[in-house]
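Me: I would like to go through this model together. Could we begin with the charged pairs and then turn to helix packing?

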Amino acid sequence: MVLLRHHDAELHRIFKLYAAADQTGAVAQAALDSMNLPELLFMLREGDLIDDKLTVSQVGHIFTQVNAASEAEDSDDAECVYEEYLQVLCRCCDARIPASSRVEGEEFCSTLQRWLHLIFIPTYTKLLKEKARGNGSKTL
């Protein structure tokens with residue numbers, strides 16, 4: 001999707017930071033290029049994106065669905081690689097801004113663009129800057 005490629009640098013930077021958040025055990029420390037469910041939930045909680053529209057249960061379901069449907073080279077259903085992470089983000093946006101609350105007739109791409117531009121990327125850009133300054137945790 002062209003829209004996601006436009007934001008690739010920012011989205012990849014966010015992914016890399018949170019994919020390295022789980023430092024428990026040798027397997028987690030070795031999986032720095034993929035994100036597990038606890039890391040995803042950590043990321044979403046830090047950005048205050050978990051609410052009544054996007055619940056922990058829904059995130060778990062989204063994560064499992066994307067992993068099960070993925071044709072990515074990874075064989076670990078407990079981890080999602082960057083391409084899967086992008087799909088997870090799209091589904092999270094869809095859950096937070098359901099079709100019933102979108103501008104009538106607006107395509108999902110427009111909703112996703114606005115969400116990335118106005119909410120997701122600014123929120124995580126600020127969080128990453130704070131973490132670079134030593135404020136906030138980089139690990140679970």
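**Salt bridges and a helix pair**

Me: How many salt bridges does the structure hold?
Reply: The structure holds five salt bridges, a salt bridge being a side-chain nitrogen of Lys or Arg within 4 Å of a carboxyl oxygen of Asp or Glu. This is a predicted model, in which local features need pLDDT of at least 70 and side-chain atom pairs count only at pLDDT 80 or more, while totals for chains, interfaces and linings use all residues. Residues are numbered from 1 along each chain as its sequence is written, and side-chain values use heavy atoms, with hydrogens and water left out.

Me: Which residue does aspartate 94 pair with?
Reply: Aspartate 94 forms a salt bridge with arginine 102, and their closest N and O atoms are 2.2 Å apart.

Me: Is arginine 102 buried or exposed?
Reply: Arginine 102 counts as buried because its relative accessibility is 16%; buried means under 20% relative accessible area, exposed over 50%, and partly exposed in between, with a 1.4 Å probe and protein chains only. Aspartate 94, at 36%, is partly exposed.

Me: And what about arginine 133?
Reply: Arginine 133 forms a salt bridge with glutamate 130, with 2.8 Å between the closest N and O atoms. Arginine 133 is exposed at 59% relative accessibility, whereas glutamate 130 is partly exposed at 26%.

Me: Changing topic: at what angle do α2 and α7 cross?
Reply: The axes of helix α2 (residues 8-19) and helix α7 (residues 108-132) cross at roughly 50° and come within 10 Å. Axes are lines fitted to C-alpha atoms, for helices over the stretch in contact, and angles run from 0 to 180 degrees between N-to-C directions. Helices are DSSP runs (H or I, at least four residues), numbered from the N terminus.

Note on methods:
Helices (H or I, at least four residues) and strands (E, at least two) are DSSP runs, numbered from the N terminus.
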